[in-house]
Structures are given as structure tokens and as C-alpha cells.
Amino acid sequence: MSRRPDPGTVVSGTVVCCGLTTLDVTQVVNRLPMPNEKIVASEARLAVGGPAANAALTAAALGAPTILVTALGSGPLADIARAELMAWGVIVEDVGATGPGGRAATAGPPISTVLVTAGTGERAVVSTNLRRPPGGPEFAPAPMPEARLGEILDGAGSVLVDGHLIPTSIELCAAARDRGIPTLVDGGSHKPGLAELLAQVDAALLSDDFTWPGEHDPLDAVAARGPSLVAQSRGGDPIVVHSTSGGRTEVPVPQILANEIVDTLGAGDVLHGAWAYAVATGRWATGTDAITDAASVASRSVRFPGALGWAGINR
């Protein structure tokens, strides 16, 4: 049974994120290329990405102690991702480090190729998901020992999962709720196993394009499966918030002029990381307070290149 905080409870502690880490190859272009066309980028960057990783980096940049439970595996790409995360103070718990027979359970973090259009900040993304090593079994994280779960959650103020690594996310959220720690989900898209995960989640923040198969209203669909608060971002429009106790309301989003937008890459991840940070530092009581704080950070982020440019981090 959940022991979520009573209204007015001040929660303060570590932000624990769980889910996907990628390596993003980002190139800034004046326009997207046509078929069979080669164009020259004005800028290129290699940085850690992925919803859970960017959320963890956001929470760390805001000043929270942060743990990221993710699957990196072994090899040079995993080493690059791990080093960058640790450089910004994120503690990495790698559930992809070892598999059967002591082999790496994953073939390294997925690679994303990102084209950011200069002048609009719009991005186009091509990505792979978690992969298995050649000849190895499909990646499935092993159950996490209860003692290790306790160590990760000791002092935690919030747990944020992104819908990847579903079995590990369910374990973390169930253990967190037993300890009275708020559990949050970044609803980027519907994924197999999401319904089981939502049963262990207190609040969900969905992306603009999130849909639930066979359901007309995604907020109702998600709320029916467990969370007492469900919100959906809509770009620069107000965030819609559905609460089982208070109906629907809207959270305004600070307006950014079109000529101020530099890069929208990772803005949703920043929103979720700032949300988890706000919850962990005591903004849980009404639900919308934490979302309001997070919207301010996410709106600021699009004025800078990369997901963490707003924090003065050159990635």
C-alpha cells in the first residue's frame, strides 16, 4: 500500500531517476536535407541524452543529490556516457553492466542522431533502443536485491521513471511507495508494461503526443490505472492537470518569443527533471506547484543550445 505524503508534508532528498540513457550526436543545420543531398552543419555536439539521463542531469544542475538507474553496459560508448554523468555529480547505478556469465548485458547505450534547425530550434531525431550484445540474450535487467533497493532509496525525495526498463522501474516504484516516497512517471509514449507500472505511480506527466491505444482521453486512461494526478504538456500552451480530487485545471507556461527559441531538444526531459526536483524539495502538497516550477525551468531551457545549456553546462 502506498504511504504517499499527507498534504503539507515537506519532502526533501535525493532525486532517483530510472530509465534510458543515450549518446546524442547533434548537428545544427539551416534546414533539413532533401533525399540524396549532403549539407554542412554549423555546429556538432556529442553528449549524453535520453529522458531519464537528461532528467537526472537537470535535477543535479538544480542542486539535488541525484542517482540514475540505467543500462549502459561496457565498452567505449558506455565509458563516455558514464564519465559525463559522473562529471556532473550524477551517481550511476548500471543495471546493464553484467548479464549471464558475467558478460555485458547491453551493447552500450543507444545512439541518437539529432538535427536541430537553426532559427526555429526544431529538432528531428533518429534513435535506437537498448540492444543486446551480438549472440547474447535479449536484454532484460535482473531483479534488484532488496538491500540494494534500500540503499538507492535511502534519503530519496522523489523517484522518476521514464517507461523504459519497466521491470526495474516497477521494483523501484513499489519499494519507494512502501517508504512514502513520491513516485512519478515521464509519459513520453505508451509502452508495453506501462499499465503495471502506473499501478505503482503517484503522478504522471505526459507528453503532448502521448496516446493510450483504444482510449479517447489519455489523461482519463492514465488516471484510471493508478496515478492520483495526471498532467499533459502541450508545448508552449498551458499544461492540463487532471486530479482525482480536484477535477481539471491548467498550469500556465511562460511564453517564449519565436526568435528567442534556440533549441527544443530535451525540453521535455528538463520539464520532468525539474518536476522531480521540485517534488523532492517539498512542492508535493498541491501537485500543480511542482509542475509550475518545472514549466519555468523548461521554458528557459529552449533559449539555449542542448538540454543543459540553460544551466551553463556546455555539452
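This report walks through the fold of one protein chain, from its overall make-up to a few single residues.

**Overall make-up**

The model is predicted. The protein chain has eight helices and 13 strands. Of its 315 residues, 51% count as buried. The chain exposes about 13800 Å². Carbon and sulfur atoms supply 55% of that area.

**The nine-stranded sheet**

Nine strands form an open sheet. Their order is β5-β4-β1-β8-β9-β10-β11-β12-β13, and the pairing is mixed. Which strands stand at the edges? They are β5 (90-94) and β13 (247-251), each of which pairs on one side only. On average, neighbouring strands of this sheet are turned by 20 degrees against each other, direction ignored.

| Strand pair | Sense | Bridges | Residues opposite each other |
|---|---|---|---|
| β10 (residues 203-206) and β11 (residues 229-234) | parallel | four bridges | alanine 203 and leucine 229 |
| β11 (residues 229-234) and β12 (residues 237-243) | antiparallel | five bridges | valine 230 and histidine 242 |

Helix α1 (residues 51-61) packs on the sheet. This helix touches β1, β4, β5, β8 (156-161) and β9 (183-187). The direction of α1 makes about 170 degrees with that of β4.

**Strand β11 and its partners**

Strand β11 takes part in two of the tabled pairings. With β10 it runs parallel. With β12 it runs antiparallel. Is β11 mostly enclosed or open? Five of its six residues are buried, so the strand is largely enclosed by the rest of the structure.

The links to its partners take two forms. On one side, β10, helix α6 (residues 218-223) and β11 make a right-handed β-α-β unit. On the other, β11 and β12 form a hairpin with two residues between them. Glycine 235 sits in that turn and has a positive phi of about 65 degrees.

**Threonine 117**

Threonine 117 lies in strand β6 (residues 111-117). Its relative accessible area is 14%, under the 20% cut-off, so threonine 117 counts as buried. What does threonine 117 touch beyond its neighbours within four places in sequence? Its contacts there are Val29, Asn30, Arg31, Leu32 and Glu122. Valine 28 also shows how the chain folds back on itself here: threonine 117 and valine 28 are 89 residues apart in sequence, yet 5.9 Å apart in space, C-alpha to C-alpha.

**Cysteines without disulfides**

A disulfide is a covalent bond between the sulfur atoms of two cysteines. How many disulfides does the structure hold? It holds zero.

The cut-off for a disulfide is 2.5 Å. Cysteine 18 is in no disulfide either. Its nearest cysteine sulfur is that of cysteine 173, 7.6 Å away.

Methods: Residues are numbered from 1 along each chain as its sequence is written. This is a predicted model: local features need pLDDT of at least 70, side-chain atom pairs count only at pLDDT 80 or more; totals for chains, interfaces and linings use all residues. Side-chain values use heavy atoms; hydrogens and water are left out. Buried means under 20% relative accessible area, exposed over 50%, partly exposed in between (1.4 Å probe, protein chains only). Contact means heavy atoms within 4.5 Å. Two strands pair if DSSP finds at least two bridges between them. A crossover is right-handed if, with the strands pointing away from the viewer, the path from the first strand over the helix to the second runs clockwise. Accessible areas come from the Shrake-Rupley method with a 1.4 Å probe; for residues, only the protein chains shown count as cover. Axes are lines fitted to C-alpha atoms, for helices over the stretch in contact, and angles run from 0 to 180 degrees between N-to-C directions.
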